[in-house]
Amino acid sequence: MKTEKVETDVLILGGGIAGLTAAIHAAELGAKVVVADKCNTLHSGSGRAGNDDMAAYIPEIHGTLDQYIENYGKGQAGATSRTTPRAVAVTHYTRALEVAQLWDAWGIPMKYKGRWECCGHRFPGLPGPHIKYAGAKQKQVLTEQSLKRGAEIINRVMGLDLLGDAKGVTGAVGVDTRQDRIVEFAAKAVILATGGIGPRMYLGATPALMGNDTSPFTLTGDGRAAAYRLGAELYQMETGGLPTLPQLKNYLRAGKGSWVGVFRYPDGRPVGPYVTKPDHRFGDIISEVGSGELFDPATGKGPIWMDCRGITDDDLEYMEWFLFNEGNKGDLDHMREEGIDFRKHQILFWPTPTRSRGKIWQNEKAETSIKGLYCAGDESHGGIGGAAVFGWVSGEEATKYAKKAKLPSPDKERDKAKIAHWKSSIEAIQTRQYGPNWEDANVALQHTMNDFAGLTRTEPILETGLAHVRRLRKKVDTIMRAVNRWELTRCLETINLYDLAELVILAALERKESRVGTQKRLDYEYTNPLLGGKVLVVKKVADKPVLEWREIQQTIK
Ligand SMILES: Cc1cc2nc3c(=O)[nH]c(=O)nc-3n(C[C@H](O)[C@H](O)[C@H](O)COP(=O)(O)OP(=O)(O)OC[C@H]3O[C@@H](n4cnc5c(N)ncnc54)[C@H](O)[C@@H]3O)c2cc1C
């Protein structure tokens, strides 16, 4: 296997919204920057086909910062700030406008008809917390801006593991997803920006089509898995995705802030109290307030239809423009081909399948618990605003750090051993004559997680799931096989998913309470008020996961 060595000041794993924004800032501050992305930054990650709104605080529109945070927190998107240290959330909200202005200047249209437009995700009577923008071309613009400033982008290289130890990061090891090549990175600082965990830990809404989902199925928590293995602190691992946001049935695309209509039950009743007719200012925020119980075939509730009938021509144009910018062009084209007319037909929506969340513990400077290791975006506090702001912040902080640091020597024994481990794993996966492929291994994990670590949990069920995941984890290491590089990449991602799944179950066992948006424990049905304001942190100590409750406001010094 060919080995290539790359040296840099700042290494960024993941060229999504956060990674590219970090690259731009670090490069313009004079750092030598390398971005490694396992796909191609022109069309990778959750922002691949566009996004259409960015959470940002604008005093003239939102009043005081406290009012903004309170109002935003009433909806689900803003509720995530309850599990984010306030300093982190405040950095995002107060600096997003600054980054939005830069994006606008670079060619991502952040204004609508010349003004900051704060609509969607909005309760009637309250200002919208997001700026509406036209993000269809954002990945191309951010890639161009990175290259223009001299950042080097290495596409089709997947970051496998970080080098160094829990005291400090020294680089990373990656594998080429197209050729037989290992890349050893030596870096003064590393920014993890590999995004969130997409649909592959739990079963998707159309399980036979794993890729039919809002998020790309290449997002497998690689950054946080590598961070954990190096000794970084993760938290909120037990948190499941909220099964509450209805999505377009069968298409499963995004746009909950883009639809302009009313969610209705089949008998015509609106699902929520907020709107009774389509209005572009609000959409229907019931999708972000209600819970999965609004629609549950098991209890006979639902189905839910999105009803845009009665929409004005202007609002229809507005909705289609933002749906397009949210990456829904394929669906809009398809509906047109099928003769589906928003003015006449209602559209069936469906609850989002369970997701695994979890975050890397970071502070407002994007520092993690490991020296020289930064993170940005859906690795921790994401959404477009979080990704853009912490991309910017991490680029700056990593550059400052790198300017004072020496290039670490990459050939320490422990790094060599790690690289050798990955080389032999890859070789084994590629040369095995028999064995399950990545899909078998991945589907086994999805079923295990759905059956034993869904959002309704008990200790015996979780314990059984944990034993299952551990047994399967050992097995996948020794029996998975791949017949080409594409399958090899999926195998390596599946290994990360198994590592993270174990942490999800361990944390779920430790949280002996039920909490809205986190989990329902049938053996601990109450919400423990003493755990309010606390989060569950996990890190590897002496090769074992150690869990600890921590005040959410505690920060990394
Ligand atoms: C369809 C859709 C619409 C959305 N709309 C909105 C919206 O309007 N507003 C909003 O606030 N949020 C929205 N979101 C969420 C938003 O897109 C994400 O929060 C944001 O993109 C996160 O940015 P990121 O850089 O952290 O991750 P991503 O943009 O997902 O980028 C991660 C990058 O890391 C790369 N990568 C992953 N693993 C590795 C590895 N091992 N090695 C190297 N590279 C790796 C990926 O290829 C990808 O390029 C939407 C999400 C989806 C899926």
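Modeller: Two strands pair if DSSP finds at least two bridges between them. Let us keep that rule at hand while we look at this predicted model.

Colleague: Which sheet do β9 and β18 belong to, and in what order do the strands come?

Modeller: The sheet is an open one of 4 strands, ordered β14-β9-β18-β19, with antiparallel pairing.

Colleague: Why are β14 (359-360) and β19 (544-551) called edge strands?

Modeller: Each of β14 and β19 pairs on one side only.

Colleague: Which strands does β8 (residues 181-192) pair with, and how do you know?

Modeller: Again we count bridges. Strand β1 (residues 2-13) and β8 run parallel and share 11 bridges, with E4 opposite V183. Strand β7 (residues 168-176) runs antiparallel to β8 over 5 bridges, and there G171 faces A186. With strand β15 (residues 373-375), β8 pairs in the parallel sense over 3 bridges; I191 has Y374 as its bridge partner there. The cut-off is at least two bridges, so β1, β7 and β15 each qualify as partners of β8.

Colleague: How many residues lie between β7 and β8 in their hairpin?

Modeller: There are 4 residues between them.

Colleague: Turning to helices, how do you know that the length of α11 (residues 383-404) agrees with what a helix should span?

Modeller: α11 has 22 residues, so at 1.5 Å a residue it should span 32 Å. Its end C-alpha atoms lie 31 Å apart, which agrees.

Colleague: And is α11 largely enclosed or largely open, and what makes you conclude that?

Modeller: Of its 22 residues, 18 are buried, so α11 is largely enclosed by the rest of the structure. α11 also gives the largest share of the shell around the ligand, with 4 residues.

Colleague: What else makes up that shell?

Modeller: The ligand is surrounded by 40 residues, and the closest are G14, G16, G45, G195 and G377. At least two shell residues each come from α1 (17-28), β2 (33-37), β3 (53-55), β6 (157-165) and α11. By kind, the shell holds 13 nonpolar, 20 polar and 7 charged residues.

Colleague: Which residues is V476 in contact with, leaving aside its neighbours within four places in sequence?

Modeller: Those contacts are A441, T494, I495 and Y498. As for Q101, V476 is 375 residues from that residue in sequence and 47 Å away in space, C-alpha to C-alpha.

Note on methods
Residues numbered from 1 in each chain as written. Predicted model: local features only at pLDDT ≥ 70, side-chain atom pairs only at ≥ 80, totals over all residues. Expected span 1.5 Å × (residues − 1). Buried ≥ 20, exposed ≤ 12 C-beta atoms within 10 Å, placed from the backbone. Near = placed C-beta within 6 Å. Nonpolar A, V, L, I, M, F, W, Y, C, P; charged D, E, K, R; others polar. Contact = placed C-beta atoms within 7 Å.
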